[in-house]
Amino acid sequence: MFEGILLTIATAATPLLIAAVGELVVERSGVLNLGVEGMMVMGAVTGFGVALATGSPWLGVLAAIMVGALFSLLFGFLTLTLVTNQVATGLALTLLGLGLAGMMGESFVGLPGVKMDYVYIPGLSDLPMVGRLFFGQDPLFYVSIVLTGGVAYFLFKTRAGLTLRSIGDNHTSAHALGIKVIAIRYMAVMFGGACAGLAGAYLSLVYTPQWNENMTAGRGWIALALVVFASWRPWRVLAGAYLFGAVSIGQLHAQALGIGVPSQLLSSLPYLATVVVLVLISRNRRLTMVNTPASLGRPFVPDR
Amino acid sequence: MRIELIKRPERSALFAALSPFIALGLTLVAGAIMFSLLGKSPVEALYYYFIDPLREVWSLHELAIKAAPLILIAVGLSICYLSNNWNIGAEGQFVVGAIVGSILPVMFPDFQSWIVLPLMLLMGIAGGAAYAAIPAYLKVRFNTNEILTSLMLVYVAQLFLDWMVRGPWRNPAGMNFPETRTFSAAATLPEVWSASGRANWGFVFAIVAAIALWFMLSRTLKGFEVQVLGQSPRAGRFAGFSQSRMVFFAFLVSGGLAGLAGISEVSGAIGQLRPTISPGYGFAAIIVAFLGRLNPLGIIAAGLVLALSYLGGEAAQISIGVSDKVVRAFQGMLLFFVLACDTLILYRIRFVGTSAAKTVEATQNV
């Protein structure tokens, strides 16, 4: 029972973690992409469709990653090349993604999907309590952990990561030093898109292998909140994602037990928790000021 | 080839006026391409979307019904966006306005008097404004990002409505359908000109609100305050304008208008509460606000355009079998093109060939 709950928490946390880690890289480069929800839902519909057509969940995942990255390029072109307002453009990406995905996925509604197999590491997965949790998961769970570690290493231990953070903190100085601000931001945006696409595929291939229009249910926005909650640090994103996974699974179990609280009110708990957590983290103004990338959301037009 | 932006010496008034039209044109072209990809005749599809609904009087009434909430919400959002407050939770404020406004007709159906309707509208406004006050308060008091909090509250409001109509407020004589009792005549927003169609007073409210806010923005000190605090908070502080008061002002006005839109929709067009009372008006209104260039008069026109796309979506579904999901893709594309075209107002765009770019770089390196 307990082990089962832990497992489902991991399943609920993984898509949040993947999307949030991607967005963290984008925001560290100084770009605020509010289109996570849109890119995620595009990834979900693509992953579902391709897996259904080919029978291979892996091809679905691959296609979702590519579609996520390509879709984010649209955002990149507008905000980076045409210097449009990032908040409005991100919203546009979300609205367009939800619209397009609804249209593309119309024929998928009600079809049984392809589910990704679990990976059991022989021997280790039989360990009591933690065996299944750490060594008997779906493959994307491992991807999400490696991704978090990789991003943490990249950002804080490599020169390229330092460059990316310097752009996020002061794009004018970085430009003056000869760093290609726009090019690097394009790459960061596409990485974020790829991650959001992957997170979407996780929803439609692992979490609930089926398609419906509202399947992202605000997870893209929760991922954005997680980045703020984690004060732009990868391992804290992981902690946050599991906290939210716990809240959403907890309310599901509470619904199943029938504790007398209406299911709709329980379902709104993850959203309320997001608000509460955002309040707790941002009430400390100095902490937020220190951690927020200083150029976040600011337009940049290179002077020549 | 590379794209370079060259800052104009001043805002281009020409492109400020033209950009929404260029964006609409580009959306039509993109839409035509989309329809041919779907295997439909683009000319026929666009005809059903944008011409057919305009051909009959009853259909124009339907247009007004759909435009009313869009305009009401979007003029409120324009105050928010002009003052740099990103309220994207209008959908939730719409829902809460509808719920609070429905207290009288649902819980006291026997209370029938001329005063019921005005009270309902006031309660709707109060409900929407109170719900919008939450992200405003959190932003002012705790420095919390209003984008995320206002959006999260949308989900909460929708779930709450779902619970109300399935639980405590379910119609006792409704055969277990998830809906409230239907509103009495005293609680129904009257039609404006019932001889020719269904359009109700909601549309009149929308036009009045747009004109009032246009006057406020362009002719009063408060309007100036909105613009100054939006463009330069520092200058606003020196002028003695309060940033916190502006946050509340923007959220309360937009929340109140969204609430009014909600109760007008329920009382005028639907006649009862259901689990879903909006086809995404709160989000489409964001597109309306930008398409109208955040100018309340422009928003009236933009609201009619988006309302037409909703109606056209229904027409095209019936006549040529295009899914009604296409509408939202259309609306999303429109916002993209609007934002891209707005770049032309501040910048000239120059296409630089790679060879030319190399020459420029070479001269710079010398």
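Reader: In what orientation are helices α3(B) and α12(B) to each other?

Author: This is a predicted model, in which local features need pLDDT of at least 70, side-chain atom pairs count only at pLDDT 80 or more, and totals for chains, interfaces and linings use all residues. Residues are numbered from 1 along each chain as its sequence is written, while chains are lettered from A and ligands numbered from 1 in the order in which they are written. The axes of α3 (residues 57-82) and α12 (residues 281-291) of chain B come within 8 Å and cross at roughly 60 degrees, where axes are lines fitted to C-alpha atoms, for helices over the stretch in contact, and angles run from 0 to 180 degrees between N-to-C directions. Angles under 35 degrees count as roughly parallel, over 145 as roughly antiparallel, 65 to 115 as roughly perpendicular and the rest as oblique, so α3(B) and α12(B) are oblique.

Reader: Is the crossing of α3(B) and α12(B) left-handed or right-handed?

Author: The elements named here are DSSP runs numbered from the N terminus, helices being H or I of at least four residues and strands E of at least two. A crossing is left-handed if the near helix is turned anticlockwise from the far one by less than a right angle, and right-handed if clockwise. By this criterion, the passage of α3(B) over α12(B) is right-handed.

Reader: How many nonpolar residues has the contact of α3(B) with α12(B)?

Author: Residues are in contact if their C-beta atoms, placed from the backbone, lie within 7 Å. Among those that make this contact are Leu70(B), Ile73(B) and Leu77(B) of α3(B), and Ala285(B), Ile286(B) and Val288(B) of α12(B). Ala, Val, Leu, Ile, Met, Phe, Trp, Tyr, Cys and Pro count as nonpolar, Asp, Glu, Lys and Arg as charged, and the others, Gly among them, as polar. No charged residue and 2 polar ones take part, and the nonpolar residues number 12.

Reader: Is α4(B) roughly parallel or roughly antiparallel to α7(B)?

Author: The axes of α4(B) and α7 (residues 146-166) of chain B come within 8 Å and cross at roughly 30 degrees. The crossing is left-handed. The angle therefore makes α4(B), relative to α7(B), roughly parallel.

Reader: Is Glu91(B) buried or exposed?

Author: Glu91(B) belongs to helix α4 (residues 90-101) of chain B and takes part in the contact with α7(B). A residue is buried if 20 or more other C-beta atoms, placed from the backbone, lie within 10 Å of its own, exposed if 12 or fewer, and partly exposed in between. Because 25 C-beta neighbours fall inside 10 Å, Glu91(B) counts as buried.

Reader: What distance separates the C-alpha atoms of Gly92(B) and Gly255(B)?

Author: Gly92(B) also lies in α4(B), and counts as buried because 30 C-beta neighbours are inside 10 Å. Not counting residues up to four places away in sequence, Gly92(B) touches Tyr131(B), Leu153(B), Val154(B), Val156(B) and Ala157(B). Although Gly92(B) and Gly255(B) are 163 residues apart along the chain, their C-alpha separation is 9.1 Å.

Reader: Is α13(B) roughly parallel or roughly antiparallel to α14(B)?

Author: Helices α13 (residues 296-320) and α14 (residues 326-346) of chain B pack with their axes 9 Å apart, at an angle of about 155 degrees. That angle therefore makes α13(B), relative to α14(B), roughly antiparallel.

Reader: Which residue is the bridge partner of Glu4(B) in β2(B)?

Author: Strands pair if DSSP finds at least two bridges between them. Here 6 bridges join β1 (residues 2-7) of chain B to β2(B), and the two run antiparallel. β2 (residues 347-352) is hardly covered, with a count of 0 buried residues among its 6. Within β2(B), Glu4(B) is bridged to Arg350(B).

Reader: Which element gives the most residues to the side of chain A that touches chain B?

Author: The contact takes 41 residues from chain A and 39 residues from chain B. Elements that give two or more residues to the chain A side include α3 (57-81), α4 (86-104) and α13 (269-282) of chain A. By class, that side has 25 nonpolar, 13 polar and 3 charged residues. With 12 residues, the element that gives the most is α4(A).

Reader: Is Asn176(B) buried or exposed?

Author: Asn176(B) is found in the loop between α7 and α8 (201-219) of chain B. Its phi is near 65 degrees, a positive value in a residue other than glycine. Because 8 other C-beta atoms lie within 10 Å, Asn176(B) is exposed.

Definitions and conventions. Contact = placed C-beta atoms within 7 Å.
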